[in-house]
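Open the model in your viewer and keep the selection tool at hand. Each stop says what to pick and what is there.

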Amino acid sequence: MSSAGNKPLTVEDVDKLSGIQQALKLAGQYQISVPGQHVTLDEVKLIIKSFLAGGQKRTKKPPPITDMDTITAALKEDKINRTSIKNLYTRASTYISKLPKPFQNNLEQMFPHYERNIKTYTEELQSGQCVLLIAGEMGSGKSSLVNLLLGKQLMPTSELRCTAAIVEISYGPSPEILAHYRDDSSGKSKKPLLIKPVSPEKLDIFLNKLEYLVTNRDEDTDESPFEKVQLRWPLEMLEGGVTIVDSPGVGDSKGLPQILSDYMERAFGFVYVIDSTTSIHKHRQTDKSNFVHTSDKLGQLLLKAIEANDGFDHSTTLFVCNHWDKVPPADAERVKDSLTDRLSMILPGVNKSQLYSISVKQSSLDVEYGQVRQEHQRLIEGIRRFLPQTMRGKLRIYYRYLSSIMKRSLYSLRISFNMHKEKMEEMRKNYSNIESRISSLQKNSKEKLDKMRHEVRRASFDAGTQALEYLDSMHLRTKLCRWADLDCPKRERSWQNVMKNANIAIAERVSNEINTWEKENSFVNSVEAEIVKRFKEQFELFDDQLQEVQGALHSGDDMRNFVMATRNDVPQKKQMKQPQKSRNLGDSFLSIGAAVTSSFNLDAKDPKVKKLFKEKYDSHPAKTMEEATLIYLSMMGEAAIASAMGKFFDRFIKGIDRVGSMVPQLMKADQELLESLTEELKSGTQKLSEFPALSRTCSDIQGNLDMFYVQRLITTDFTADQIIPGEILGSGSFARVYKATLKLKAGNEQVAIKEPTNKLTTDDVTDVLLEDAMLRDLKHNNIVNYYGLYRKGPESDMRLIFTMEYCPYTLKGKCIDIENSPSTLGKPCAANGSN
Ligand SMILES: Nc1nc2c(ncn2[C@@H]2O[C@H](COP(=O)(O)OP(=O)(O)O)[C@@H](O)[C@H]2O)c(=O)[nH]1
Ligand SMILES: [Mg+2]
C-alpha cells in the first residue's frame, strides 16, 4: 500500500504521529478522506490504520466473546455436567418422595421450600442457559461494555439517562422485545409487552423503542415499570445459549433491587464493572483507610452479592476496570494495586489477574474502524477462559444445595433408625414376656393353684402348732392365769352375764398373746409374701397386678383393676417392690389373735363352769378367773387351734381362688395384647426394613454427587505436577505416606503426601471429602498441618491426595526411642552397669 514515490506506510508510522495537523497531512497524501472538522488525533490515526488494514470500510466486527471452538467445547462439557447433576436431582427427588412424612417435614424445616427449589433447579439444569450478568455502579459503563461485547450498539448508553430495567439479551432468529411488567400493588400481573421491528429496514425505530422501555422510570417510585426486558437478536455468538444481562446501576435506587440479587443467585458469571476513576480520587487522598468506605458503592454491591450468594465464588467474578482512558499512565499500576486491595478486602482471594483494565469507549471507537485494542482482546480472552470456569462455579451451587439436603436426610434416617430399633427391641421383649406368661398360665395353672392352697393349709396348721407351743410355755401360762381383783369383771346378779364378760376378758388376753407371737415371728406376713412371690414367678404377673393381689390378701380388696392392669399399654415387668409391711394386719379382718380366740368360748352348760361362776365368783373373783382361764386354755387343743387358725388363713385361700378365677380373663386380655403387639411389631419391622434401603439410596446419591464433584467441579489446592514424590515414610491398609517436594511460586516446600491405596469410589468419596473438610478445620500447634489436596490419575482411576506438613520425627522416636525420654524403657541400665 503506497502512494506514488513514497515508501510503504506502516502502522508504526501512524503510531508515531504526534500532532493533528501532521496526521491530517498524511491522510491527505494517501487520499484517505477524513469526515468533519472536529476530529481528534486518535480518530485520524484510527482512520489511517483502518485504511492500511484494507480500506476504509467500517467492519464493526469485534472478536466474539464466544468463538465456536472454545464456547462449543465449554457448552458441551457443561451440558454433559448438567445432565449428570440433573439426573442426580431427579433421583433425589424420587428418593425424597418415598421418605416417610416426618422425614420430609424435617427437611422442610431445614431447607424451606426444598421441594419447589429442587424442581426449579432441575428445570434450570435442563434449560442449559449460561447467564452472564454485567453489574456495577451507575455510569461505570455496563451498557457500553455490553455493546462492545456484542459488537453492536443495542443498549442505550448515556451519562444522563441510565438503564432502569434489567435487560436480558439472548439469541433469537429475528429481533424482538418482550417486556415483562412488574406486578402492580394489588398483585395482579399484566400481560408482557411484545415489540417487533415493523420492517428489517426500520431497526432504528425499534432500537429507539428499546431505549425508551429500558430507560423509562415511574415518576413516583423512580423505578422501571418492568420486571425485566428480554431482547432477542440474531447474534451468532449467543446461539450457543449464552445470555448477557445488562443491569441498572446500583446507585440508581436505594439498596440492591431484589431482582438484581435474584439474578446474582442465578447468574453463572458475574462481570463487575468498575469506574476506575473512583479509585484515583481515593488514591489521591493517600489514606488507605478510605479505600473501603461505607458509602463506597463498589463495596456495597459486592457485599450484597456475597450475601445473596451462599458460598459466593470469586472465581466466577470478573472485574472490568473501565474508564481506563482517564487514568494517567503513570498512575496505572498504583490504581490497579489499590483496586485489587479494595476488592480483596471484601472478597479475599481476588488477585490482580482477575482485573481487566480497559477503556470501553476507546475500544468501541477502535472497533468502528476495524481495529481491536490489546486490552479489548485481553478481556475477550479472559471472558472465554472465564465462561467454562463460571459454568463449573454455577454447578457447584447446585451440587452444594443437593449435597446438604442429602446429608441432612441421611443423618436423620440414621438417628431415627437407631431409636426405632431400640423401641422395637423393647417391644419384642414385652411380647416374649407376655407370650411366656400365657403359656405358663395355660400350663397346669389349676395344679399350681391347688398346690398353693395346700401350702397355705399346711402353713395354717404350723401356725396353730407354733402358737400353741408359745401359749403353753410355763411363764406365759402363769401370766395368763394371774388375775387381780381389779382386772376381774364386775359382779352381777346374772352369773351368765358375769361368765360372758369373763370369757371376753380371757379371750382378749389370749388374743393379745397370739398377736404378740405373730409380731415376733411374722408368720402370717411371710406366708403372704410367699404367695405373692409364687404368683409373680409362676403366673408372671406384672407389678401392678401383684399389688392388687397383695391388697386382696390383706384386706379383701376387690380386684377390679386386676385384668385392666394388664392393658396399660405395654406393661413393664420391673423388679417387684417389697411387700408393704406398713399395713396393719386386720385392717378389715380380725387380728389373728381375735380370729383364733373367736372359736373358743366358755360353755355355760359345762357343770364345772356353771359351778365356778354361780357359786365361787362372788366371794373369790380372782381365783375363779384363774380357774376359768385354765379351762379356757384346756379347750385349745392341737386340732381345735388348727381349725381356728384355718379360719384365719382362709382369706389367703380366698385370695388365691380369686386370682385363679381370673386366669381365663387374664389369658384373654393377654391374648388381645399380644395381637395388638403383633400388629405393631409387624408394621414396625416393616418400617425398620425400609430404613436400610432408604439410607442406601441416600448415600448412593450422595456418593455419586460427591464423585461428580471431585471429577468435574472441585478446585483443588494443588495440581499433580506440582508434586515430586520422594521416599516412602509409612504405609497402612488404606494409604501410603511419602515424603515429597511441593513446587510453589515462592519456592519448594518439603511435604508429606498421603496417597490412598485404592482408587476413589462412590462408596468412599463422601468420607474422603469429610476428612478433608475436618483436616482443614484442625489448626493447632500440636497437630500436623494440613495444606490441602490434589487430584491424581484419570477420572476412572482417580485418587485424592492429601498434602501435610512433613515431620522429621515420629511420636515413637520422640517419646520412647530417644535418650531424654523420661521413660527408662529400652535404655541401657547405666546405674548398675550389668548386662
Ligand atoms: N471516558 C470514558 N467514558 C466511558 C467509558 N465507558 C463508558 N463511558 C461513558 O460513560 C457514560 C455511561 O456509560 P453507560 O454504559 O451508560 O454506563 P452504565 O450506566 O453503567 O450502563 C456514557 O456516556 C459512556 O459513553 C470509558 O471507558 N471511558
Ligand atoms: Mg446502563
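This is a predicted model: local features need pLDDT of at least 70, side-chain atom pairs count only at pLDDT 80 or more; totals for chains, interfaces and linings use all residues.

**Stop 1: ligand 1**

Select ligand 1 and the residues around it. There are 18 of them, and Lys 142, Ser 143, Ser 144, Asn 322 and Asp 325 come nearest. Now look for the oxygen atoms of the ligand. One lies 3.0 Å from a backbone N or O atom of Gly 139. At Gly 141, a backbone N or O atom lies 2.9 Å from a ligand oxygen. Ser 143 takes part through its side chain: an N or O atom there is 2.9 Å from an oxygen atom of ligand 1.

**Stop 2: aromatic pairs**

Switch to the rings. The model has 19 aromatic pairs. Select Tyr 89 and Tyr 398. How do their planes meet? The ring centres are 6.3 Å apart and the planes stand at 85°, so this pair is edge-to-face. The cut-off for that label is an angle over 60 degrees. Tyr 89 belongs to helix α4 (residues 68-98) and Tyr 398 to helix α14 (residues 374-442), so the pair ties together parts 309 residues apart in sequence.

Is Tyr 89 buried or exposed? Tyr 89 is buried, because its relative accessibility is 0%. Tyr 398 is buried as well, at 3% relative accessible area.

For another geometry, select Phe 613 and Tyr 617. Their centres lie 5.7 Å apart with the planes at 25°, so the pair is stacked. Both Phe 613 and Tyr 617 are buried.

**Stop 3: charges over rings**

Select Lys 190 with Tyr 181. The charged end of Lys 190 sits over the tyrosine ring, 4.2 Å from its centre. Next, take Arg 509 with Trp 483. Here the charged end of the arginine sits over the ring of Trp 483, at 3.6 Å from the ring centre.

**Stop 4: Arg 534**

Select helix α18, residues 523-539, and find Arg 534 in it. Why does Arg 534 count as buried? Its relative accessibility is 17%, and the limit for buried is under 20%. Setting aside residues up to four places away in sequence, Arg 534 touches Met 452, Glu 455 and Phe 539.

**Stop 5: residues 417-444**

Select residues 417-444. An unreviewed UniProt entry gives this span as a "coiled-coil region". The model shows 93% helix and 0% strand here, and the end C-alpha atoms lie 42 Å apart.

**Stop 6: Lys 754**

Finish at Lys 754, which an unreviewed UniProt entry marks as a "binding site". Lys 754 is in strand β12, residues 747-756. With a relative accessible area of 27%, Lys 754 is partly exposed.

Show the contacts of Lys 754, leaving out neighbours within four places in sequence. They are Ala 735, Arg 736, Val 737, Glu 771, Leu 800, Ile 801, Phe 802 and Met 804. Which side chain joins that of Lys 754 in a polar contact of 3.1 Å? The partner is Glu 771. Zoom in on the two side chains to end the tour.

How values were computed. Residues are numbered from 1 along each chain as its sequence is written. Chains are lettered from A and ligands numbered from 1 in the order in which they are written. Side-chain values use heavy atoms; hydrogens and water are left out. Helices (H or I, at least four residues) and strands (E, at least two) are DSSP runs, numbered from the N terminus. Buried means under 20% relative accessible area, exposed over 50%, partly exposed in between (1.4 Å probe, protein chains only). Contact means heavy atoms within 4.5 Å. Rings of Phe, Tyr and Trp (its six-membered ring) pair if their centres lie within 6.5 Å; planes under 30 degrees apart count as stacked, over 60 as edge-to-face and the rest as tilted. A charge sits over a ring if NZ of Lys or CZ of Arg is within 6 Å of the ring centre and within 35 degrees of the ring normal. UniProt positions are given in the numbering used here, feature names are shortened, and annotations may be inferred rather than shown by experiment. A polar contact is a pair of N or O atoms within 3.5 Å; within protein, one must be able to donate a hydrogen and the other to accept it, and residues adjacent in sequence count only if both atoms are side-chain atoms. A residue is near a molecule or strand if one of its heavy atoms lies within 4 Å of it.
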